[in-house]
Amino acid sequence: MKRRIRRSDQEYLIDCCALCKCSENCPDKYGEKITLKSQELTVHYFCLLMSSGVYQRGEENEGIYGFLVDDIKQEVRRSSRLKCAVCKKNGASVGCYVKSCQKKVHFPCGKQHQFIFQFTDLFPSYCKDHSPTQSWPVSACVSEPMSCSVCLDPIEPVLSYSVLKCPACHGSWFHRDCVQNQAHSAGMFFFRCTLCNNKDMFQQEMFRMGVHIPERDAAWELEENAFGELLQVYQHCDANKCLSHNGRTYSSRTGWFQILRCALCGSSGTHRKCGSLKLDETNWACEDCAGAVDGTASLPRHTDSPQPGGQRRSRSSKRTLTLTPRQSPIVCKRPFLLGGSAREILQELASQTSQHQLSMPVVVNGNKVLEAAMELVKRSDFNPSHALAVRFTSSKHSSSPDTCPGNTRHFLRLLVQQLQNTVFEGPDGAKTLTLDARALREDVYFDVGCLLSLSLVHGGPPLGFFSRALYLCLFNFPRDTPLTVEDMGSTGFTDKVKKIQESKSLEELREAMESASEYLEVAGCTRPVESLSDKDTLVKDIVSFHLITRMQLPVQRFCEGLKTLGVFDQVQMFPGAFVGLFCSSHDKLTADTMAALFTVQFSDQEETAGKETAVVTFWRHYLLECEVGRCATSLEDVLIFATSADVVPAVGFSPSPTLSFLHPLDPAGAFPVSQPSSNRLLLPVVPSYQAFKKHMEYAVCQLTVLQSI
């Protein structure tokens with residue numbers, strides 16, 4: 001009987017890890033459990049990696065992955081004299097990497113008490129008091145998370161041992177256990193942020209925060225016959241009503257009942273007869289692919305059963321998009337090429353709105369553009385993807401068609417000018433958001449962000465009035481750039497903060513703090529100072545409160561508004577491409593840039609084209625005189641006359657501006673004609689430059705006077 005007990009005890013000891021004395025076999029938590037029967041030795045791989053006194057001195061095939069058996073036994077003897085700070089038992093082989101810290105634990109005990117084990121470099125371990133932490137960056141303006149981005153369960157929006165975040169986008173938060181499970185499943189080659197898809201920065205941060213990432217392929221690729229389904233061909237008719245008497249899986253080699261697979265995904269199919277396709281058609285796209293990918297309009301789609309009268313109606317025609325004023329309805333369907341310009345990205349967003357044939361009527365009374373725009377976004381049927389049908393009720397603009405692009409550009413040009421005086425403060429060209437309780441209550445920040453996005457995509461001018469600080473707060477660009485006192489703008493309180501920053505002595509610092517005591521108390525920055533160096537931290541906290549903390553809700557609502565039509569997401573992805581569009585004033589028009597905007601369309605007859613060539617010379621000379629101030633009109637006035645825009649729109653002109661010619665019978669009464677709806681300018685063919693200049697000035701000034709009424 002005694003022998004059986006001893007044998008049982010011996011088997012139990014061999015089954016237990018020699019380092020942590022635990023028999024549990026859980027590779028996800030403790031690593032692979034390895035037993036060397038000849039040496040009567042069992043260890044968890046993670047216990048071995050994290051032990052403070054053993055090193056990999058052998059080759060990969062020696063001992064246990066290079067850890068020699070004698071070294072492991074020596075580590076077992078060393079740790080047997082060390083008491084665990086958690087369970088109080090001997091055998092604590094893992095110590096805190098900070099030399100001044102004396103905490104020793106078993107590996108499982110350390111996991112239970114928030115030790116962080118870094119599976120990289122020297123495999124250091126850190127106790128709860130010395131472990132690395134994550135913090136919310138000062139310049140990040142991302143709304144607090146509501147759920148774990150891995151399991152989608154609710155999450156407490158407080159960074160801690162149990163709650164981690166992505167260092168790249170700051171918007172993806174997750175439970176530690178969830179991201180650890182994801183790492184074990186995805187492996188090093190597929191482990192990345194579930195939200196922004198960042199890999200390098202994300203993995204580096206997860207290593208730092210103690211997440212183990214196996215150096216292997218994803219678990220789903222290691223399964224037996226993992227790619228077997230790729231060898232199978234989809235063979236099933238997915239039409240609403242299959243007309244084949246042999247069933248949905250039957251496919252003839254040719255003819256009406258041959259199954260065609262989706263040319264895009266290959267995961268859906270239809271008989272030619274069931275999909276109402278022609279006998280010679282071989283390309284077909286399923287409804288999901290044809291509706292999600294641009295450029296597939298030529299591919300036939302699934303259709304419903306025949307409607308009365310022999311008409312068929314596409315399934316997609318049944319779907320309607322119901323929007324509320326607080327929704328961001330459109331996102332970009334196609335990824336952009338890295339390095340694309342802001343104009344190219346906006347053109348892509350604009351191309352996705354052009355498919356909507358409906359228009360939103362906008363009636364402007366005089367120059368009350370802002371009021372009309374605010375009424376527009378608050379309407380229950382507001383849809384920013386629809387075209388704008390602008391009508392000015394008290395100006396000559398009312399004579400042009402409602403959907404005239406010229407009306408729209410004039411409306412958006414005035415709108416951007418008037419929006420600068422809503423929730424913004426600061427000098428022209430460097431404005432920041434202001435804190436306005438009434439604007440918060442009425443959600444004006446959202447409306448302004450929505451209207452700015454609307455303007456950029458629908459042909460409005462570049463913004464150019466954001467301060468660098470505001471752009472940094474919104475899009476975290478340039479990265480790791482600290483905010484300064486100068487970013488607070490010119491206010492009475494800013495002068496007091498500068499006095500704190502410029503203090504030369506401790507007494508001067510305290511006096512400056514006393515003069516700003518009321519605001520310091522509101523900002524939570526009232527504190528005793530013991531040395532002059534304390535002012536740097538104090539100023540940093542004041543700036544952070546003024547520009548970040550107190551503005552958190554306005555910035556959040558403003559960003560939500562900018563998400564309209566997908567603008568915010570694209571700027572966040574490519575902030576370097578858009579910084580000039582938001583922060584830099586547009587380049588001043590020159591005669592050369594103005595001439596390059598217009599494509600000249602000459603007549604086919606040589607004699608007529610010769611006269612038109614002379615007029616082109618008059619046109620370029622006229623632009624030069626406008627540039628140097630020798631005309632009654634400016635280059636901006638001429639561009640407004642031709643296109644209703646005083647600068648090139650952020651999205652560019654569509655169609656491109658063109659020059660054509662008028663051949664009047666009486667040159668004395670020949671005046672230029674503009675067609676802003678098509679960006680077309682018709683120049684009169686006159687015999688002299690003096691007549692050309694006179695007629696141009698009269699026509700352009702006439703429009704300027706009418707617009708000012």
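Biologist: How many cavities of 30 Å³ or more does the structure hold?
Modeller: This is a predicted model. Counting cavities of 30 Å³ or more, the structure holds three.

Biologist: What space lies in the largest cavity?
Modeller: Its lining includes Glu425, Cys473, His546 and Arg550. The space in the largest cavity is about 120 Å³.

Biologist: Which element supplies the largest share of the lining of the largest cavity?
Modeller: Strand S14 (432–433), helix H15 (468–475) and helix H19 (534–549) each supply at least two lining residues. The largest share is three residues, and they come from H15.

Biologist: How do the residues of that lining divide into nonpolar, polar and charged?
Modeller: Among the lining residues are Leu433, Met488, Thr432 and Glu425. The division is eight nonpolar, two polar and two charged.

Biologist: Is Ala596 buried or exposed?
Modeller: Ala596 is found in helix H23 (residues 591–597). Its relative accessibility is 64%. Exposed means over 50%, so Ala596 counts as exposed.

Biologist: How far apart in space are Ala596 and Pro657, C-alpha to C-alpha?
Modeller: In sequence, Ala596 and Pro657 are 61 residues apart. In space, the C-alpha to C-alpha distance between them is 9.6 Å.

Technical notes:
Residues numbered from 1 in each chain as written. Predicted model: local features only at pLDDT ≥ 70, side-chain atom pairs only at ≥ 80, totals over all residues. Heavy atoms only, no water. Helix = DSSP H or I, 4+ residues; strand = E, 2+ residues; numbered from the N terminus. Buried < 20%, exposed > 50% of the residue type's maximum accessible area, 1.4 Å probe, protein only. 1 Å grid on protein atoms, 1.4 Å probe; cavity = no way out; pocket = protein on both sides within 12 Å on 5 of 7 lines; lining within 4 Å. Points joined across faces, edges and corners; volume = space filled by probe spheres on them. Nonpolar A, V, L, I, M, F, W, Y, C, P; charged D, E, K, R; others polar.
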